[in-house]
Amino acid sequence: MIGALMLDVAATTLSQEDIELLHTPQVGGVILFGRNIESPAQVRALTDHMRQVRPDLLIAVDQEGGRVQRLKQGFSALPAMGRFGELYLDQPQRAIELAEQCGWLMAIETLAVGIDFSFAPVLDINAISDVIGDRAFANNCADISVLAAAFMRGMRRAGMATTGKHFPGHGSVKADSHIAAAIDSRSYEQIYATDMQSFIKLQPQLDALMPAHVIYDQVDPNPAGFSTFWIQKILRAQLQFDGVLFSDDLSMQAAGIAGNADARIRAALHAGCDMGLVCNDRDAARLALAAIADLPLPNQARLERMRGKIPALVIGEAFDLGAEWAATKHTIEAFKHSL
């Protein structure tokens, strides 16, 4: 059974403390960071060990490309998604083809090392945000929708579920919600007409969404991930979205409005998130875990959609996933280096 908390581990192998935590019923997932990565073979050994300890665990990573790429050593170097948006202005068909190939390449390598899914793609617009920037495909939802759809086709062809972030849009907020409170004072109508459109258009291809740690103060006093308005009224009722909802990292500064980690995860789950993330703070993860021990487990059928198509293989020193992988890797890395 899959629990409602996703946490992290400290190293490239599991400690005894990690193993004990993974046995806790409300632990549902693990997210990997750069410190957990040495090589493809080591990552696969780590994820295999995790599943020996807890077979139903969901394992995730942030493998967007560009400056947000946790899997580096031995993996393909992926361009920032904004590079496809730049190409799209002059060579739209080429940009679409490359975005799909990049989605497939990212997913095939991530799945090969035993990771179910990457929290991707970013569907925010590249406007004024300090933290989004070229993580976004473009500065408008029309271009984003086309390119992100192609990227997700590639992900799905490889066997990976898709996660759009950060609903209803983080690109029009300057502050970085990792380190500061992020407030967007536009009206709902303005947000709907601009930032939300990529999420709405791409909903049929999205298996999951991650709400932003942004307060849209003309709409609701809570960050979107703690807001019954955004989650229950807009996403579930109005837009009829039935996919998984992951909180953004509840250790981020902008989540502090809800209190400590125990209050934060209960607020996220109460608002309607299926799983809360508490990262890079083991004490906070334990506090969150204790706070939800008495809650029912989340919707299992919904969370099972995130399970990746993990191949049964042994990865040696040479990371070789076949001829299509080699050709696609060459194409994407050549594009990245041409920029």
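# Close-up views of a predicted model

**View 1. Both D195 and R186 are buried.** Buried means under 20% relative accessible area, exposed over 50%, and partly exposed in between (1.4 Å probe, protein chains only). The side chains of D195 and R186 meet in a salt bridge, with 2.9 Å from N to O. A salt bridge puts a side-chain nitrogen of Lys or Arg within 4 Å of a carboxyl oxygen of Asp or Glu. The structure holds 26 salt bridges. This is a predicted model: local features need pLDDT of at least 70, side-chain atom pairs count only at pLDDT 80 or more, and totals for chains, interfaces and linings use all residues. Residues are numbered from 1 along each chain as its sequence is written, and side-chain values use heavy atoms, leaving out hydrogens and water.

**View 2. A salt bridge joins K165 and D62.** Their closest N and O atoms are 3.2 Å apart. K165 sits in strand 7, whereas D62 sits in the loop between strand 3 and strand 4, so the pair ties together parts that are 103 residues apart in sequence. Helices (H or I, at least four residues) and strands (E, at least two) are DSSP runs, numbered from the N terminus. Both partners, K165 and D62, are buried.

**View 3. E100 and R153 meet in a salt bridge.** Here the closest N and O atoms are 3.4 Å apart. This pair links distant parts of the chain: E100 belongs to helix 4 (residues 92-112), R153 to helix 5 (residues 141-158), and 53 residues separate them. How exposed is E100? E100 has a relative accessible area of 24%, so E100 is partly exposed. R153 has 38% relative accessibility and therefore also counts as partly exposed. Elsewhere, salt bridges that share partners join D62, E64, R70, R135 and K165 into one network.

View 4. D62 lies in the loop between strand 3 (58-61) and strand 4 (63-65). Its relative accessibility is 12%, so D62 counts as buried. Leaving aside neighbours within four places in sequence, the contacts of D62 include I31, S118, F119 and K165. Contact means heavy atoms within 4.5 Å. R70 lies in the loop between strand 5 (68-69) and helix 3 (82-90). At 26% relative accessibility, R70 is partly exposed. Not counting residues up to four places away in sequence, R70 touches L32, F33, G34, I37, V61, D62 and Q63.

**View 5. H166 lies in strand 7, residues 163-167.** Is H166 buried or exposed? At 5% relative accessibility, H166 counts as buried. Its side chain joins that of D124 in a polar contact of 2.7 Å. A polar contact is a pair of N or O atoms within 3.5 Å; within protein, one must be able to donate a hydrogen and the other to accept it, and residues adjacent in sequence count only if both atoms are side-chain atoms. Not counting residues up to four places away in sequence, H166 touches D124, I132, R135, F199, M210, P211, A212 and D248.

View 6. Two strands pair if DSSP finds at least two bridges between them. Strand 1 (residues 5-7) and strand 2 (residues 27-32) run parallel and are joined by 3 bridges. L7 stands opposite V30 in strand 2.

**View 7. D249 is part of strand 11, residues 244-249.** At 14% relative accessibility, D249 counts as buried. A polar atom of the D249 side chain lies 3.1 Å from the backbone nitrogen of C279. D184 is 65 residues from D249 in sequence; in space, the two are 19 Å apart, C-alpha to C-alpha.

**View 8. Helix 10 spans residues 282-292.** Which residues of helix 10 are buried? They are A284, A285, A288, L289, A291 and I292. Down the helix axis, these buried residues fall within an arc of 160 degrees, so they line one face of helix 10. The arc is that of the directions from the helix axis to the C-beta atoms. On the other side of helix 10, D283 and A290 are exposed. The cover over the buried residues includes strand 1, helix 1 (16-22), strand 2 and helix 9 (261-271). At the start of helix 10, a side-chain oxygen of D281 reaches to within 3.3 Å of the backbone nitrogen of D283.
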